[in-house]
Structures are given as C-alpha cells and as structure tokens.
Amino acid sequence: MSKLVPPHGSNELKILALEGDDLEIEQKKSSSLTQVICSSREFGDVIMFGIGGFTPLEGFMNKADWLSVCHNMALENGTFWPIPITLSSDDEDIKVGQEVAIVYEKTNEIIATMLISEKYTIDKELECKKVFKTNDTDHPGVAIVMAQGKYNLAGSVKVLSDGGFPEQYGELYMTPSETRSYFDEKGWSSIAAFQTRNPMHRSHEYLAKIAIEICDGVMIHSTLGELKPGDIPADVRSEAISTLIENYFVKNTVLQSGYPLDMRYAGPREALLHALFRQNYGCSHLIVGRDHAGVGDYYGPFDAHNIFDDIGVDLVTKPLKIDWTFWCNKCAGMSSMKTCPHSHEDRLLLSGSKLRHLLSENEDVPENFSRPEVLKILQKYYSEIKDSDKVKVELKGHSAK
C-alpha cells in the first residue's frame, strides 16, 4: 500500500484525459463542434486536467467558484484552491448547454471538449488585485488576465491531447501517476518538491540538499510551459540540472521532472498552488525559498513563507521555509541568515535573474555562484544566441541586491 500523501481533496487522481475507444469517438465528434481558442496558459491548464494534476477539479470554474477563490482561496464547497482556473472567450454566440471544442491558438490542435454549464463576465481588476496584489499591467500575470476574453466559460472537460509534452521532453515529462509510481518503487514516503523555472545555481543546490537531509528524496520540478522573454529554455535548463545532479548529489536521492504549466508569477498565491498540485504528484513538502514565484519587486522576499501561516487551512503538503541563502567567504561555503554570523560584505547573494543577467551580458560569473559544469552549458547556450535575439535581463527588486 502506498505511503504517499493522498491527492488534493480526493482519494484518487481525477484524470480527465480520454483513452482508447472513448478518445476516438470524442475526437471524431469534436471536429464538428464550435471552437473556442485557448491561450498558452489555458492550454497548460487543460493538460493538467488531463493528467490529474489539478485534482479534484473536473473542468473550468464557474462564477461562484471563481469569486470564492478570489476572496477566500477556496471553491464554493470549501475545498482549498488559491488561484482561479478559467477559460475565456469573446464569442457572443456560445450558449449554456452547448458542447465546444477547445483549440490551442499556437497549433490549431483540438485539445479538449467542454460542455458549457455557465457563461459569465468577471471583474478582472478584482481578480488581479486579489491574486497578484496589483493591477499594474507591467506585471506579466496581470497583463494576461486583463487581455482575456469578455466571458468566462465554465464546464466539465474531456481532454483529447497530451499537448506534445511526452514527445518533446521524453522521460523528463512525468504525470502525477508516473511520479507516484516512481516514489512507491523507491520506497519514498516523504518527498520535497523544488520548483524552478531556472537552471540551478549554488543556492538552489543548497536548498535541495537541506531537503534531502530531512526527506527521503527531492523532486526537482521544472515548468515546461511558456516563460518570460529572456528566460532559459527547458531543454537547456534540463541539461544543466542533469549535470548538477550527476556530479553533486548522492545517487538515487533526486528525481528531475517537468510539468506543463506556464508561470503565473503570482508570488504567494502561486506558492500555494505549487504546494497543492505537488500533493497530486505525491510530494509531502514544497521547498519555499526567497521570492517564490515572484517577479520584479511586487512581493516581499518572504511573502510566500507568510501566506502558509495566514491561510487558516491545513494543507497536506507542507512548506519547507528556508531563509536567505548565499555564499559566505568567511564561512567558506553556503550559508543562510540563520547560520552565518558575518556581514553583508562577506556574502555573495545568488539569484536566477542575476545569473541570467551576467551570462546575457557576457560578464564574468563569480566562481562561487554556480558549478563550473553547469556554467559551461549555460555559457555555450548564450554564446549561440544571435545579438538580435538577445533579451536584456534587468535586475529589479530582490534579485538586484
């Protein structure tokens, strides 16, 4: 019997992807349905529905759930959920009771069908203020919400596609069923998830090793969805992380895998979502360091720590809260605010943004910032980018310190 944490709000994963004859029948039917075009963010949400990553949801949220999530971080029935999962459209002709085909805007592939149970308008500024703590359209998450269609469409979803993730990423892409099977085979019961959209520098490595000291293993879990301009592609990131694991971690203590979502950059609320769906993947803990899922200076460096104390909900997957981490010259190693007594002048503060900035500007990276094997891979990637394709990485907020 599995010793892993149960899926969120359910005794089993709610896997909405069809297979076999059911899939073939639905695919044939879908070609004649009215089409709803979905964005990259919505595409990732559909794929998560398909693999059970959004258990216990069975489709896109209705207005009562949307409003309750915005205000209370819970569905109307009381089930904890921190961020709205919605599908929008400007189509005036779509009606309640109609079945539609959901089509990904970038590939024109029909990825799901949905029976419309509700069509409603929302207060976008309210959603942004509640979820992102700002209505500033310079915030990438706010910009996406404000650009959504006029209406939200709610209803149960049948997923017809894997989104191409298994083909593109191979063994790196794992579903919750697959990670759970892996953990069971290893005999692990306590697993810490490490969320990343960046290659891992020395501070990330330190966080993962702290978790390994108290858990059976760590799952380094990278987003495979779309990122901001200037972020490092998933294949390069994966190669760098694999090299780090091979050279600097004890064998059979780390699993590297990826998941299909775009980042929302919702800071504290996204940290909660990360813990929630990592529970579906079988993880008992989520490593929460500085400025988790943040962007710029919209959130305090430890707002994501504090929100786990403030929600009033006993999440099954617990946070591993870790303070500022850095290289200390006097300590001659990685340290944190809780373990290092020395001054700011002795410390090298590390961040993914700072590393990308140095690499993109072809500047020297301090030797204690990242492992040499990792740097070699990243420097090769940046050397092959044409000047016309380079994106300036600006240091803002906590990453500039």
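Predicted model: local features only at pLDDT ≥ 70, side-chain atom pairs only at ≥ 80, totals over all residues.
Local features need pLDDT of at least 70 and side-chain atom pairs count only at pLDDT 80 or more, while totals for chains, interfaces and linings use all residues. Residues are numbered from 1 along each chain as its sequence is written, and side-chain values use heavy atoms, with hydrogens and water left out.

Let's start with the sheets. Helices (H or I, at least four residues) and strands (E, at least two) are DSSP runs, numbered from the N terminus. Two strands pair if DSSP finds at least two bridges between them. Now look for five strands in the order 9-8-7-10-11: they make an open sheet with parallel pairing. Strand 9 (254–259) and strand 11 (318–321) stand at the edges with a single partner strand each, so one side of each has no neighbour in the sheet. From one strand to the next, the twist averages 30°; angles like this run from 0 to 180 degrees between N-to-C directions, using axes fitted to C-alpha atoms (for helices, over the stretch in contact).

Which residue of strand 9 is the bridge partner of T223? That's Y259. Strand 8 (residues 217–223) and strand 9 run parallel and are joined by six bridges. Helix 10 (residues 268–280) packs on this sheet, touching strand 7 (191–196), strand 8, strand 9 and strand 10 (285–288). Here, contact means heavy atoms within 4.5 Å. The direction of helix 10 makes about 150° with that of strand 10.

There's also an open sheet of three strands, in the order 13-12-14, and its pairing is antiparallel. Its edge strands are strand 13 (333–336) and strand 14 (347–349), each pairing on one side only. The twist in this sheet averages 40° from one strand to the next. Three bridges link strand 12 (residues 325–328) to strand 14, and F326 has L349 in strand 14 as its bridge partner. Helix 8 (residues 202–214) lies across strand 12 and strand 13, at about 70° to strand 13.

Next, the empty spaces. Rolling a probe the size of a water molecule over the atoms shows where empty space is left. On a 1 Å grid over the protein atoms alone, a cavity is a set of points where a 1.4 Å probe fits but cannot get out; a pocket is an open set with protein on both sides within 12 Å along at least five of seven lines; and lining residues have an atom within 4 Å of a point. Grid points are joined across faces, edges and corners, and a volume is the space filled by probe spheres set on the points.

The second largest pocket holds about 430 Å³ of space. Its lining has 26 residues, with S39, S40, R41, E105 and I144 nearest the centre. Strand 1 gives the most to that lining, four residues. As for cavities, the whole structure has two of 30 Å³ or more. The largest cavity has about 100 Å³ of space, and R41 turns up again among the residues nearest its centre. Helix 5 gives the most to this lining, with four residues.

Finally, a charged pair: E26 forms a salt bridge with K158 (a side-chain nitrogen of Lys or Arg within 4 Å of a carboxyl oxygen of Asp or Glu), with the closest N and O atoms 3.8 Å apart. E26 lies in helix 1 (residues 20–30) and K158 in strand 6 (residues 151–159), so the pair ties together parts that are 132 residues apart in sequence.
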